[in-house]
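Subject: Handover of a structure and its findings

Dear colleague,

Please find below the structure that I am handing over to you. My notes on it follow directly after.

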Amino acid sequence: MTILLFILGLVLLVAGGELLVRGASRLALAFGISPLVVGLTVVAFGTSSPELAVSVQSALSGQTDIALGNVVGSNIFNVLFILGASALITPLVVARQLVRQEVPLMIAVSLLLFGLALDGNISRGEAALLAVLLVGYTVFLIRQSRAAAQAEGGSGEAATGRGWKHHWLVQVALIAAGLGLLVQGSQWLVDAAIAFARDLGVSELVIGLTIVAAGTSMPEVATSVMAALRGERDIAVGNVVGSNIFNILGVLGLSGLVSPDGLSVAGSLISFDLPVMIAVAVACLPVFFTGHLIARWEGLLFLGYYGAYTVYLVFAAQQHDALQSYELVMGTVVLPLTAVTLTLFAIRHRRARNAGAPAPKVRKS
């Protein structure tokens, strides 16, 4: 039964991702909103619904560690695993707006969360601030996109033809059906994965930090991968960045509001997981900046770092003898070397553009 649930969960995720990308990309044209903004809002918020459901329910039950750990773990997974896997399928072109606006915002809200968590608690007032910031960000994005569409010569409806007026409800139905399949599929997949992990003797802590966080991010995986396969690269990348912003502002905002005493923050989150989440967000800048292209080797680098993060969690949970050596190698060799490499690539691409060299092309897979 567990194997069957796992397979069915994967099937629903693939089907849901296909419906969501198809409906969202067409709806963007129908209402004069760019695919990037749809990826940052409708798709990102929708695919984060499992995180929202898990974190809100955990907050209501008083399990605030799960509520916070789910969000932090999912944000790390979204960047390192999902962008890495999507870039391996096809190199991802990153829109200039993401580099200039959304990635800095993702870094800013990550730093804001860290600042709010330093005293060991995110109060209901602080949670309300996060929720208000989400509303303001969404309204700003929609207005910005529609203003840009009008400046380019009319509304999106006029540009796409009269037929779109009569079919936008169909696209909304596709999005709703896709979200429903994604939520159910992710639930079955998480339940099956937890059962597998327990059978293998993995601790509850490791399950929460890895399988639950990764499982609730399965809709983002399916959506971004399907978007990459269909050539909707703006949705593939925008979905990840938008989901991370929504997880912090929306998921934690609502979770903190429904929790009577706010969200208590574990010391390990402050000392390790939150700094890792911030570092991952900051790492997007040099990667995205290198020609506005996430190459396959960069996708492989992201996947490697997610594997390294998971190994650390397992070693730390078991207090493995190799933990200190692992920390030493990662902290003094691997991470500094990666930072230097990405910085040098960013400088090289900037000099090449200033010298009038042609922009890097996307190779077809």
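How many cavities of 30 Å³ or more does the count come to? The count comes to one. A cavity is here a set of points on a 1 Å grid over the protein atoms alone where a 1.4 Å probe fits but cannot get out. Grid points are joined across faces, edges and corners, and a volume is the space filled by probe spheres set on the points.

Before the details, a note on the source. This is a predicted model, in which local features need pLDDT of at least 70 and side-chain atom pairs count only at pLDDT 80 or more, while totals for chains, interfaces and linings use all residues. Residues are numbered from 1 along each chain as its sequence is written, and side-chain values use heavy atoms, with hydrogens and water left out.

The chain as a whole

The protein chain has 14 helices and four strands; these are DSSP runs numbered from the N terminus, with helices (H or I) of at least four residues and strands (E) of at least two. Of its 365 residues, 48% count as buried, that is, under 20% relative accessible area with a 1.4 Å probe and protein chains only, where over 50% is exposed and anything in between is partly exposed. Among contacts (heavy atoms within 4.5 Å) with a separation of 6 or more, 86% join residues 24 or more positions apart.

The largest cavity

The largest cavity holds about 40 Å³ of space. Its lining (residues with an atom within 4 Å of a point) consists of Asn-75, Ile-76, Val-79, Met-106, Ser-110, Asn-244, Met-277, Val-280 and Ala-281. Two or more of the lining residues come from each of H4, helix H5 (96-117) and helix H12 (267-289).

Helix H11

Asn-239 lies in helix H11 (residues 233-258) and is buried, because its relative accessible area is 0%. A polar atom of the Asn-239 side chain is 3.5 Å from the backbone oxygen of Glu-220. Beyond neighbours within four places in sequence, Asn-239 is in contact with residues including Gly-39, Val-43, Thr-223 and Asp-234.

Asn-247 is also placed in helix H11. Asn-247 counts as buried because its relative accessibility is 0%. Not counting residues up to four places away in sequence, Asn-247 touches several residues, among them Ser-48, Glu-51, Val-71 and Asn-75.

Glu-232 sits in the loop between helix H10 (218-229) and H11, and at 23% relative accessibility Glu-232 counts as partly exposed. Glu-232 and Pro-35 are 197 residues apart in sequence, yet their C-alpha atoms are 7.9 Å apart in space. Leaving aside neighbours within four places, Glu-232 is in contact with Val-21, Ser-25, Pro-35 and Ala-227.

Aromatic pairs

The whole structure holds six aromatic pairs. Rings of Phe, Tyr and Trp (its six-membered ring) pair if their centres lie within 6.5 Å, and planes under 30 degrees apart count as stacked, over 60 as edge-to-face and the rest as tilted. Phe-77 and Phe-81 are stacked, because their ring centres are 4.7 Å apart and their planes are at 15°. Both lie in helix H4 (residues 64-89), four residues apart, about one turn of the helix. Phe-77 is buried at 3% relative accessibility, whereas Phe-81 is partly exposed at 29%. Ring pairs link Phe-77 and Phe-81 with Phe-272, Tyr-306, Tyr-309 and Tyr-312 into a cluster.

With kind regards

Definitions and conventions:
A polar contact is a pair of N or O atoms within 3.5 Å; within protein, one must be able to donate a hydrogen and the other to accept it, and residues adjacent in sequence count only if both atoms are side-chain atoms. On a 1 Å grid over the protein atoms alone, a cavity is a set of points where a 1.4 Å probe fits but cannot get out, and a pocket is an open set with protein on both sides within 12 Å along at least five of seven lines; lining residues have an atom within 4 Å of a point.
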